[in-house]
Amino acid sequence: MFKVIVAMSGGVDSSVAAALLKKQGYEVMGMMLRLWSEPGKEESNRCCTPDSMAMARRVAAKLDIPFYVVDAKQIFRETVVQYFLDGYAAGTTPNPCLLCNRQIRWTFLLEHALALGADFMATGHYVRKRTTDDGQHELLRAIDPSKDQSYVLHVLNQEKLARALFPVGEYPKSEIRKMAEGLNLPVYKRPDSQDLCFLAGEDYRNFIQRNAAEMLAPGEILTRDGRRLGQHSGLANYTIGQRKGLGVSSPVPLYVLSKDAATNTLIVGEAHELGTLELIANNVNWPSGKALDEPFHAEVKIRYTAKEAWAQVTPLEGGKQVRVRFDAPQRDVTAGQAAVFYEGDLLLGGGIIV
């Protein structure tokens, strides 16, 4: 009998993942990470509030599986939270979920799972894994496109995928909730968490103000041709494409076009100036383990919530970098986010936009 550790969160998806795997005959064990929260806000971190932990324990008891909690507060603060702060300090808009999946879930937690003799680790991510006849592990989009989470898992490699199970990716979300209700699991009505866990439901700007106020130095707001329009309140307070809250008067609507951290300058312009045909992405990961070396046409996703857009992807630097040229201009290309490329449902790879 294969042993599998399920990364539990007290939510419906990981709970049903554990139930499905037990039904399939695996020896199942639940494991939950205790992540860092700001002092005094421990009740608000959706990933590991006392309530979430109690709920995960209740589910484990209901399924009659062992349950353990692993302390990851320090490594989470030093890697994921610091990455978030460093990204904004550099003028980008980082996606810390990417680093969390690579370093915390699929390195730190997986190592704990393997140390306990597990053959596999499972999560409640909506994504599918397929193993080809020659033993190659592939990542596929989830059956439910509205819940697909393959974007944040493009960081996985063959070694991690060999140990990975994603039971809920084969079902629509509505079916997962029905399963939870049918199993009488106490989480079946629990709402999904949308925000970054350590923000505790707050605007990220408030978090930065409390934890890295030094990066909120005011600077100039300029147009692309160098006209000064006013002063910004700190580059971290703005996102690409933002229209409201710029604090400048103009006869036409203005949008954030770019941020220059070197000069602490916010560049704004009119709607027709938004959009770009091309981007460069670094630190590209190819889940297959084999970097593509010839240009290819693919669907490219530039944010977790963005709609895919067709583009020509050209590998550079031996596949460690790519140039993406879109068939049509894209409005919200943002440094720090990932560009992830697909061939149908198959995830080919992805990297960080620079």
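Leaving aside its neighbours within four places in sequence, which residues is Ile208 in contact with? Apart from those neighbours, Ile208 is in contact with Phe84, Leu85, Tyr88, Ala213, Met215, Leu216 and Ala236. Contact here means heavy atoms within 4.5 Å.

The structure is a predicted model, in which local features need pLDDT of at least 70 and side-chain atom pairs count only at pLDDT 80 or more, while totals for chains, interfaces and linings use all residues. Residues are numbered from 1 along each chain as its sequence is written, and side-chain values use heavy atoms, with hydrogens and water left out.

## Nonpolar cores

Ile208 belongs to the largest nonpolar core, which has 81 residues. A nonpolar core is a set of buried Ala, Val, Leu, Ile, Met, Phe, Trp, Tyr and Cys residues joined through side-chain atoms within 4.5 Å. Buried means under 20% relative accessible area, exposed means over 50%, and partly exposed lies in between (1.4 Å probe, protein chains only). Together with Ile208, the residues Phe76, Phe84, Phe166 and Phe198 touch the most other members of the core. Helix H4 (residues 96-115) gives the most to this core, namely 8 residues. Helices (H or I, at least four residues) and strands (E, at least two) are DSSP runs, numbered from the N terminus. Apart from this core lies another, of 21 residues, including Leu140, Ala298, Val300 and Val322.

## Two helix pairs

The table sets out two packed pairs of helices. Axes are lines fitted to C-alpha atoms, for helices over the stretch in contact, and angles run from 0 to 180 degrees between N-to-C directions.

| Helix pair | Angle | Axes |
|---|---|---|
| H1 (residues 12-23) and H6 (residues 173-182) | about 70 degrees | 10 Å apart |
| H3 (residues 73-89) and H4 | roughly 160 degrees | within 8 Å |

Angles under 35 degrees count as roughly parallel, over 145 as roughly antiparallel, 65 to 115 as roughly perpendicular and the rest as oblique. H3 is therefore roughly antiparallel to H4. The crossing of H3 and H4 is right-handed. A crossing has this hand if the near helix is turned clockwise from the far one by less than a right angle, and is left-handed if the turn is anticlockwise. On the H3 side, the contact is made by Ile75, Phe76, Thr79, Val80, Tyr83 and Phe84, and on the H4 side by Pro96, Leu99, Cys100, Ile104 and Phe108. By class, these residues are 10 nonpolar, 1 polar and no charged. For this division, Ala, Val, Leu, Ile, Met, Phe, Trp, Tyr, Cys and Pro count as nonpolar, Asp, Glu, Lys and Arg as charged, and the others, Gly among them, as polar.

H1 and H6, at about 70 degrees, are therefore roughly perpendicular to each other. Their crossing is left-handed. Val12, Asp13, Val16 and Leu20 of H1 meet Lys173, Ile176, Arg177, Met179 and Ala180 of H6 in the contact. The residues of this contact divide into 6 nonpolar, no polar and 3 charged.

## Residues around helix H1

Ala17 is found in helix H1 and is buried, with a relative accessible area of 0%. Ala17 and Ile176 are 159 residues apart in sequence, yet 8.9 Å apart in space, C-alpha to C-alpha. Beyond its neighbours within four places in sequence, Ala17 is in contact with Val6, Thr123, Pro167 and Val168.

Tyr126 lies in the loop between strand E4 (120-122) and strand E5 (127-131), and at 1% relative accessibility it counts as buried. Leaving aside neighbours within four places in sequence, the contacts of Tyr126 include Asp13, Val168, Lys173 and Ile176.

Gly25 is located in the loop between H1 and strand E2 (27-34). At 40% relative accessibility, Gly25 counts as partly exposed. Gly25 and Lys3 are 22 residues apart in sequence and 9.5 Å apart in space, C-alpha to C-alpha.

## Two residues with positive phi

Asn264 has a phi near 55 degrees, a positive value in a residue other than glycine. Asn264 lies in the loop between strand E10 (255-260) and strand E11 (265-269) and is partly exposed, with a relative accessible area of 22%. Asn283, also not a glycine, has a positive phi of about 50 degrees. Asn283 is found in strand E12 (residues 276-285) and counts as exposed at 60% relative accessibility.
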